[in-house]
Amino acid sequence: MSRTRYPGPVTEAKVHPHRLVEQGFASDEVLAGILDRYPAELFDINLYDYDAEGQVSLRTGARGRLSGSDLLAAIQQGRLWVNLRGVETAWPELWAAAMADFHAIQATYPGMKAVTNAGQLILSSPAARVPYHFDAAGVVLFHLRGRKRLFVYPGDEAHLAEVDMENVVARQTTEELPYTLAFEPDAQIVDLEPGQALTWPLYAPHRVENLDRFCVSLSMDYQTWPSRWRNGALYTNAVLRRAGRRPRQTDSMAVPELAARWAASLALKRAGALKSRIATLERDFEPQVGSTDGARALR
Ligand SMILES: [Fe+2]
């Protein structure tokens, strides 16, 4: 079975070594310090609940006023998923070390050349699970603490419809995709230990389950020229679809057509063709030490 309909240098989920753990980036002391210093506007704090069919509901949290060490304790005791965006600017020491590892990993894939990289540091509770989604980018997930299980699915039309990709790329929905338990036999399953980094094919849908321990990972996404062209073409197709047209799938386009649609997307974005439909989120809770889920409800 093809793991993705978007061929690229990464053809399956694969583990690589990295050196971030031994450089001390994931100790309690270092994490409490970075949580104290990290800009509040770069935090995403989520609480996920699942029903018996694996369907997710999401509550979102505000940073609140906990000290770094109390916030760390709330994550370690609770059921939280905390994402620190903008590592490339907000934690330059970690970023420099991660980029060195990224270049070593990239060198193992002939023809892979990232033109932009960005990172999110993810601190998550022992029982946290991330729902089925895809990233409109290549991803290297550097795992630093705890154990987590990655489920990586084929990026074909059955698991990832192009119209859903268009909506995500054009920010017309949040990134959750249609999901059913019937996808489970199709997953490539990888357990990650500290010191391991995982890559997977461009756009491959995936989900994550922590294996009963507090987890720390750096999720690095990267764009290549082919991924830029593809994202731009998906955006342009989203605009055409909203205008009642039925654009051809980007699957069937060669590079010149993808590049032309990417160029069109730049003009469309400048012209404000599609407003983001992702509303400014109302926050549901604040982290709290010692309460259920590590959260205190906000009104
Ligand atoms: Fe992801």
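Me: What makes up the protein chain in terms of helices and strands?
Reply: The protein chain holds 7 helices and 14 strands, and the model that shows them is a predicted one.

Me: How do you know that the radius of gyration of the protein chain agrees with that of a compact globule?
Reply: A compact globule of 299 residues would have a radius of gyration near 19 Å, and because the protein chain has 19 Å, the two agree. The C-alpha atoms fill a box of roughly 55 × 45 × 40 Å along the principal axes, and 38% of the 299 residues count as buried.

Me: Why is T173 called partly exposed?
Reply: T173 has 13 other C-beta atoms within 10 Å, while a residue is buried with 20 or more and exposed with 12 or fewer; T173 lies in between, and is therefore called partly exposed.

Me: Where is T173 placed, and which residues is T173 in contact with, leaving aside its neighbours within four places in sequence?
Reply: T173 sits in the loop between helix 5 and strand 9, and, with those neighbours left aside, T173 is in contact with N167 and V168. Both N167 and V168 belong to helix 5 and are buried there, as are M165 and E166, and helix 6 is included in what covers the buried residues of this helix. The C-alpha atoms of T173 and R277 are separated by 6.5 Å, although these residues are 104 apart along the chain.

Me: What makes the crossing of helix 6 and helix 7 left-handed?
Reply: The two helices pack at an angle of about 65°, with their axes 7 Å apart. A crossing is left-handed if the near helix is turned anticlockwise from the far one by less than a right angle, and the crossing of helix 6 and helix 7 is of that kind. Among the residues making the contact are W229, A233 and Y235 of helix 6 and L258, W262 and L268 of helix 7; by class, the contact has 10 nonpolar, 3 polar and 3 charged residues.

Me: Which residues have the most contacts inside the largest nonpolar core?
Reply: They are L80, A98, F142, L218 and M220, in a core of 68 residues, and helix 6 gives the largest share of this core, 6 residues. A98 touches L20, G119, F142, L218 and M220, not counting residues up to four places away in sequence. In soluble globular proteins, nonpolar side chains tend to be buried together.

How values were computed:
Residues numbered from 1 in each chain as written. Predicted model: local features only at pLDDT ≥ 70, side-chain atom pairs only at ≥ 80, totals over all residues. Helix = DSSP H or I, 4+ residues; strand = E, 2+ residues; numbered from the N terminus. Rg over C-alpha atoms; globule rule 2.2 N^0.38 Å. Axes fitted to C-alpha atoms, helices over the stretch in contact; angles between N-to-C directions. Contact = placed C-beta atoms within 7 Å. Nonpolar A, V, L, I, M, F, W, Y, C, P; charged D, E, K, R; others polar. Core = buried A, V, L, I, M, F, W, Y, C linked by C-beta atoms within 7 Å.
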